Amino acid sequence: MNSQKEIKPALRTENITYAVRDIVVLANQVAKSGKEMLYLNIGDPNLFDFVTPRHIIDTTFKAMLENKNGYAPSSGISEAVKAIEAEADRKNISSVQDIFVTTGASEAIDICLTALVNEGENILTPTPGYPLYTAIASKLRTMENPYYLDESNGWQPDVDDMKNKINKDTRGIILINPNNPTGSLYKSDTLQKIIDLALENDLIIFADEIYDKLLFDGKNHISVASLNKDASCITFGGLSKNYFVPGFRIGWGIVSGNQSVLKNYIEAINKILRARLSANHPEQYAIKTALEGDQSHLTEAKKKLTARRDITVLMLNSIPGISCVKPEGAFYAFPRLHMDQSDSHFVSELIKETGVVVVPGSGFGQVPGTQHFRVVFLPNEQTLEKAYENIGIFYKKYLEKYTKADVVK
Ligand SMILES: Cc1ncc(COP(=O)(O)O)c(C=O)c1O
């Protein structure tokens with residue numbers, strides 16, 4: 001007989017959701033019924049026609065053959081750290097105080113937030129934004145402090161909203177640029193205003209720039225840390241998206257600003273880095289090769305993504321009741337559904353009816369009363385066209401079925 005009591009999970013896990021993967025449960029059920037599925041939900045380039053450049057694989061393989069398979073130094077191998085330092089220099093980040101290699105940018109984000117906030121404190125978090133940040137905040141039992149991105153201004157951060165939401169317990173500001181889920185790229189004057197706010201309020205800026213090389217229309221990326229050498233910033237980057245190796249799990253953090261302001265915080269980060277031993281070792285040899293080797297895969301990728309972005313914007317904007325701001329980077333769009341129903345209901349019905357899988361806007365946060373969904377435009381043109389055609393046909397019927405009097409929240 002089993003007399004053991006039920007094992008209760010920690011309260012800190014209660015509010016953790018990750019809409020991007022949560023939706024897969026429903027998609028899998030629908031797929032089992034034999035329906036043709038069109039997946040526009042996962043930001044993994046390798047699931048589509050984006051292939052890891054050969055020289056990145058060769059370097060990693062060579063490192064493995066050379067038995068570089070033990071633990072690495074906790075901050076990363078020196079060759080990689082030096083390559084990231086040179087990358088920081090190319091990004092015009094001048095006052096670098098520390099660099100560390102992590103298991104994806106995800107781990108850098110987790111460690112840096114963990115080393116900073118106490119229970120009850122808060123960090124300004126972009127809304128909509130990447131759900132990892134709210135999941136970590138939930139784990140750390142910090143208070144939610146969402147600031148809005150302004151859809152009417154190309155999804156730039158609403159700096160006035162940010163300003164109004166700073167309180168005595170605010171410790172930092174998260175920026176995702178280029179942005180997931182909106183694909184927006186932040187302008188220099190917006191970034192400058194955010195730096196002023198951070199300096200006035202002793203806040204650290206966490207700049208998630210994981211998509212900084214995937215930009216369209218000849219746009220240039222501006223690193224917030226490059227705009228003021230005194231601002232305390234941690235710039236997150238990694239190989240996952242720019243170099244098509246999300247499964248390598250290689251990311252990093254670049255700490256910049258004033259040494260005297262940052263020294264205790266840097267030591268706290270390094271304590272955690274040491275306690276978790278090291279990031280993946282052989283894959284760290286790919287960092288220098290990736291950052292300094294042939295970049296031609298990027299030219300090809302940007303060409304493909306520009307065509308796919310254009311189809312996305314054109315076709316979605318041609319559907320009555322949907323509007324879509326043009327993404328300038330990454331591979332996401334965040335179209336708005338002009339309706340009263342909840343976007344989670346819309347997305348569940350869409351998946352069941354058409355097999356098109358997207359993620360509801362509520363999974364990323366949004367201005368209350370607005371409804372969106374996120375599309376990943378990594379799939380090829382034919383798949384995207386078919387998916388958007390299906391969405392158009394479905395949405396018309398959906399709106400006819402659910403009138404204002406019959407709102408599903
Ligand atoms: C904004 C953002 N930051 C970080 C990550 C995670 O990056 P990594 O694979 O380096 O952990 C993602 C992945 O989708 C992302 O969209």
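**Cavities and a helix pair**

Analyst: The second largest cavity holds about 70 Å³ of space. A cavity here is a set of points, on a 1 Å grid over the protein atoms alone, where a 1.4 Å probe fits but cannot get out, and lining residues have an atom within 4 Å of a point. The volume is the space filled by probe spheres set on the points, which are joined across faces, edges and corners.

User: Before we go on, what kind of model is this?
Analyst: This is a predicted model, with local features needing pLDDT of at least 70 and side-chain atom pairs counting only at pLDDT 80 or more, while totals for chains, interfaces and linings use all residues. Residues are numbered from 1 along each chain as its sequence is written, and side-chain values use heavy atoms, with hydrogens and water left out.

User: Thanks! Which residues line the second largest cavity?
Analyst: Its lining is Leu113, Val117, Ile123, Thr125, Tyr133, Ile136, Ala137, Leu140, Thr142 and Ile174. Helix 5 (131–140) gives the largest share, 4 residues, and strand 3 (122–127) also supplies at least two. Helices (H or I, at least four residues) and strands (E, at least two) are DSSP runs numbered from the N terminus.

User: And how does that lining split by class?
Analyst: There are 8 nonpolar, 2 polar and no charged residues. Ala, Val, Leu, Ile, Met, Phe, Trp, Tyr, Cys and Pro count as nonpolar, Asp, Glu, Lys and Arg as charged, and the others, Gly among them, as polar.

User: How many cavities of 30 Å³ or more are there?
Analyst: The structure has 2 of them. The largest has a volume of about 90 Å³, and 15 residues line it, with Glu209, Asp212, Gly237, Gly238 and Trp252 nearest its centre.

User: Switching topic: at what angle do helix 2 and helix 9 pack?
Analyst: Helix 2 (residues 54–65) and helix 9 (residues 285–292) pack at about 155°, with axes 8 Å apart. Axes are lines fitted to C-alpha atoms over the stretch in contact, and angles run from 0 to 180 degrees between N-to-C directions. So helix 2 is roughly antiparallel to helix 9 (angles over 145 degrees count as such).

User: Which residues touch?
Analyst: His55, Ile56, Thr59, Thr60 and Ala63 of helix 2 meet Tyr285, Ala286, Thr289 and Ala290 of helix 9, where contact means heavy atoms within 4.5 Å. These residues divide into 5 nonpolar, 4 polar and no charged.

Methods
On a 1 Å grid over the protein atoms alone, a cavity is a set of points where a 1.4 Å probe fits but cannot get out, and a pocket is an open set with protein on both sides within 12 Å along at least five of seven lines; lining residues have an atom within 4 Å of a point. Angles under 35 degrees count as roughly parallel, over 145 as roughly antiparallel, 65 to 115 as roughly perpendicular and the rest as oblique.
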